[in-house]
Amino acid sequence: SSCKNLRAVLRTMAKSVLLVALGSLAVASGSVAPASRPALRLRGGDTARAPLAAGKTASGNSKLAVRGGGGAVGGIDWTLMLYFAGWYVGNYYYTLNNKLALKASGGATDGFPVTIGFLQMVIGSLYALFAWVAPDMRPQPNVTPSDLLQILPVAACAAGAHLSSIFSMNLGAVSFAQIVKAAEPAFAAFLGVTLYGKSISKAKWLCLIPVIGGVCLASLKELDFSVWALLAACVANLFAAFRSNENKKLMDTAGLSDRIGSTGNQFALSTILGTLSILPFWLLLEAKRFGTFVELFKSSKALSSNLVTSGLYFYLYNELATLTIKKTNAVTQSVANTAKRVIVIVGVALVLGESLAPIKLLGCAIGIGGVLLYSLIDKIVYG
């Protein structure tokens, strides 16, 4: 009984942290709102837009300024701390609620993974549209049809990574899917060299050995091991690697960042276009069973509540993660990503009662440690 009370208190505290972080997100979004809100224009226009409030970092890079001096009090950027907290808590609850929704819909045998993934994207899109319509919440983008076509590949890859991850978590343990997804740098390195003409240092190539080895080691004693879960997680890594490379090309487009207007708008447009990208797959694979899903949604509180909350958590934690990354350097990002993945893997596994055998934990530690080293090795070796 005392353990249940403790878990309830921790859940309440975690959700409170997320709510405060989202409040800071709203303040940050509102602080860059123009005096008069222009309509969303697909062909541009001659209406003047108020310039975004910007500040200069030590490196000279312009960043969006958050109202109240960036949230720094007593030498600590509390807004950034809340972004971190919201990112971690939101990611944890998304992963947990997503798995619970998948189980409630039928799991690996007779579930609705595509429907759940698609509806999560729809929920995120509705939130993005609401943020544009709500007074003084977020300035609307001023993009052209050509801009939308350029954003589409990034959005489609992001949606593909999301849907593939859901397949992996539906077919196997969440912790196992997360461990395999930690190997994304290996896929990014391979695609970068073969398709995008990038060069990877020898030190980074060597760091991929513990990354891949750790994943293999974690797979040995995985009680819920599934080849299909492994393949789905690998496909998610491929999509994520393509998204990363395509996003770099996208942001090099002259004037595009100004027309999009903010980091939040970039993620909102990507979510909406990603939703449209996976619509054909949903129509092909599960639309004919949608009536059955609706009845299940009405009768199962576990499905309805976890689906709605996971959709909101997915959108909001990703936006908070993007804002956090914008305000930190590469080393901080690497450490933060590593810590976040460990928290999600261990926390969700404990709540869901998934296997955490010593060999699996060892493989997890080796793989994620390799990812962290991969992110930092060039600075360590080459300065």
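Predicted model: local features only at pLDDT ≥ 70, side-chain atom pairs only at ≥ 80, totals over all residues.
Visitor: Why is α4 called oblique to α13?

Guide: The axes of α4 (residues 113-133) and α13 (residues 301-326) come within 8 Å and cross at roughly 55°. Angles under 35 degrees count as roughly parallel and 65 to 115 as roughly perpendicular, so α4 is oblique to α13. The crossing is right-handed.

Visitor: Which residues of α4 and α13 make the contact?

Guide: From α4 they include I116, L119 and Y127, and from α13 they include L303, F314 and L316. By class, the contact has 13 nonpolar, four polar and no charged residues.

Visitor: What makes E319 and R138 a salt bridge?

Guide: Their closest N and O atoms are 2.3 Å apart, and the cut-off is 4 Å. E319 is in helix α13 and R138 in the loop between α4 and α5 (145-171), 181 residues apart.

Visitor: Is E319 buried or exposed?

Guide: E319 has a relative accessible area of 2%; buried means under 20%, so E319 is buried. R138, at 3%, is therefore buried too.

Visitor: How many salt bridges does a search of the whole structure find?

Guide: It finds three. One of them joins the side chains of D147 and R259, at 2.7 Å from N to O. D147 lies in helix α5 and R259 in helix α10 (residues 256-260), so the pair ties together parts 112 residues apart in sequence.

Visitor: Why does R259 count as partly exposed?

Guide: Its relative accessibility is 26%.

Technical notes:
Residues numbered from 1 in each chain as written. Heavy atoms only, no water. Axes fitted to C-alpha atoms, helices over the stretch in contact; angles between N-to-C directions. Helix = DSSP H or I, 4+ residues; strand = E, 2+ residues; numbered from the N terminus. Parallel < 35°, antiparallel > 145°, perpendicular 65-115°, else oblique. Left-handed = near helix turned anticlockwise from the far one by under 90°. Contact = heavy atoms within 4.5 Å. Nonpolar A, V, L, I, M, F, W, Y, C, P; charged D, E, K, R; others polar. Buried < 20%, exposed > 50% of the residue type's maximum accessible area, 1.4 Å probe, protein only.
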